[in-house]
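Please read them with the structure open.

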Amino acid sequence: MRMIESVGKKIAASLMLQGVDTIFCVPGESYLGLTDALTDVPAIRLIVCRHEGGAGSMAIADGLLRGRAGVCLVSRGPGLTHAMVALHTAFHDAVPLVILIGQVERRDMGRMALQEQNYSKLLCDITKCVIEVNSAVQASDAISRAFHLAQSGTPGPVAVVLPEDLLDEETDAELVQPRPRLQAGPRAEDLAQLADLLAHAKRPLIWVGGALVGGGGGGGGGEAALIEVERLAETWQVPVCSTNKRPHLFDSAHPNFAGHVGIRTPAKLLDALKQTDLLIALGERLTDTLSQYYTFPAAPDPQMPLVHVWPDANEVGRVWRPTLGLPCDPQAVVRALLHLPVPATLPPERRAWIESLHAIDQSLRAPVWDKTTDGVNFGAVVCAIDRHLAADAVITLDAGSFSTFVFRYIGFHRGQQVLTSVVGAMGAGVPMAVAAALRNPQRQVVAFVGDGGALMTGNEIATARLYGVNPIIIIADNGYYGTIGLHQDVRYPGRPFEAATQLANPDFALWAQSFGAVGITISSETDIDSALERAFAPSGKPVVVHVKTSALQMSAWRQASRKLEFAPRV
């Protein structure tokens, strides 16, 4: 006999079947039928956040940490539009996300009812699919379809729209089981061609991307996949680069590490990498920022043989014309290569190629920075933080030029993990840190945030306090939107830009204390060691370190072309 239950209860049970144990939300009346149902499902935690943008970023981070789609629950109209920054991130970063959206009652649709939106139109360009559930019999299947679509091929966000009145409707519809996750394997002839290319290249290069570990592709293999890539690099004598904003994908201390490639890659490293005669994009989607704006590799015709491995045939060949395209699971390619015989002799140039790239990267990571007179050079702080990072630390990054110091000075190692909006949406750093601490409360979680992003979603410190988790949040405060100032200084050198970028900031240490967090200030280099000792000591509270950074030092690699003149702060 079929069980008669509300649709809300059917959806809650369907979420459990998908392995969901945490949902991030801002409460809304349009989905009260689901909220009520979840109170009877203690296996699913409902995390109440302070802003839908924060809830969406938390869901993305939680999904990345679990290697599956995260879940966000938002109310109609303003609730959904607040969360659209997270949808943009998930769509461009190829991260699986399921967002459940409350909707007006079915009888009111099309009448411009309170907060009504046509989500199929609104979200058509930043989701893989919008599933509108208008009958009880569809509800459980909609959940199953949403997770399948979010995690298949090129992953991304899928929206499920749930009318308010539907959630309380009773039904005897059966629950729909999860669809099996499909992963294509490489063809034997493609592997043979790849092995032949690798055997004869004098200066091969691998770019490893998020699809390998489940952060941007079908099902990746997490830590095991990274170990296998290290074995591949050693066995086939190939240098490996981590890719844009994913520096943790290859251990920086490994002798085959060839540097981090992304936005503003140092010219010395980039010029050397361009000598490659075989580029393998392994689980990397390839984007404008990674390719130095379609110049390396050149689009559509690369200047070197290009092998593109990505789990979606629609993506491989979409922008670049690869020599060899493998639309399949990148981990399967790595494992297959490890089982193929390696030629007895590889080109003798390989060793020198690997050593030269690693040496360039190591020289660029040297703990040296320029002295600055208008605030602390953030490089000094980041170098000191590197000494405090745990072997399994989770590092979250907001968007901003301050992050260049992190990529330059922190030597990331296997076991550590970086969470960020790769596409560069501000406001991800603090929410992602809260989500990481909720998922793994025993792991060290450190967030790097600029003064701009801190006041976008920094209020999620309140969520950390509510649930008793304690990330460490480092705020780089240079008093202006630094990335925009940097771009303007590059494009219009010598021209003023301060009026269009200046910020009026609070005392972030006092701000933190108002939440019940620990607030610490670094005003000079002499403060760094004692401040960080205190910050990284167990306190049982979130910690905010307010670093008063130099505005002149615009990034880890560039100072402003002139002295900056900010208006006096009232």
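1. The model is predicted.

2. Strand 5 (residues 97-103) and strand 7 (residues 157-163) run parallel and are joined by seven bridges. Within this pair, I99 sits opposite A159 of strand 7.

3. Helix 3 against helix 5. Two packed helices are described by the angle between their axes and the distance between the axes. Here the axes come within 7 Å and cross at roughly 30 degrees. That makes helix 3 roughly parallel to helix 5. The crossing is right-handed. On the helix 3 side the contact involves G56, S57 and I60; on the helix 5 side, A86, T89 and A90.

4. Helix 8 against helix 11. How are these two helices arranged relative to each other? Helix 8 (residues 188-200) packs on helix 11 (residues 330-339) at an angle of about 65 degrees, with the axes 11 Å apart. The two are therefore roughly perpendicular. Helix 8 passes helix 11 in a right-handed crossing. From helix 8, L191, L194, A195 and L198 take part in the contact. From helix 11, V333, A336 and L337 meet them.

5. Strand 15 and its partners. Strand 15 (residues 394-397) runs parallel to strand 16 (residues 417-420), and four bridges join them. V394 stands opposite Q417 of strand 16. Strand 15 also pairs with strand 17 (residues 445-450), again in the parallel sense and over four bridges. There, T396 has A447 as its bridge partner. Strand 15, helix 14 (residues 403-409) and strand 16 form a right-handed β-α-β unit.

6. Faces of strand 15. In a regular strand the side chains alternate between the two faces of the sheet. For strand 15, are the faces covered or open? Both are covered. V394 and T396 are buried on one side, and I395 and L397 are buried on the other.

7. Helix 15. How many residues of helix 15 (residues 429-439) are buried? The count is 11 of the 11, so the helix is largely enclosed by the rest of the structure. The buried residues include G429, P431, M432, L438 and R439.

8. A buried loop residue. N256 lies in the loop between strand 10 (240-243) and strand 11 (257-261). Is N256 buried or exposed? Its relative accessible area is 9%, so it counts as buried, the cut-off being under 20%. Leaving aside residues up to four places away in sequence, N256 touches A233, E234, Q237, V238, P239, V240, F250 and I354.

Note on methods: Residues numbered from 1 in each chain as written. Predicted model: local features only at pLDDT ≥ 70, side-chain atom pairs only at ≥ 80, totals over all residues. Heavy atoms only, no water. Buried < 20%, exposed > 50% of the residue type's maximum accessible area, 1.4 Å probe, protein only. Pairing = 2+ DSSP bridges. Right-handed = clockwise from strand over helix to strand, strands pointing away. Axes fitted to C-alpha atoms, helices over the stretch in contact; angles between N-to-C directions. Parallel < 35°, antiparallel > 145°, perpendicular 65-115°, else oblique. Left-handed = near helix turned anticlockwise from the far one by under 90°. Contact = heavy atoms within 4.5 Å.
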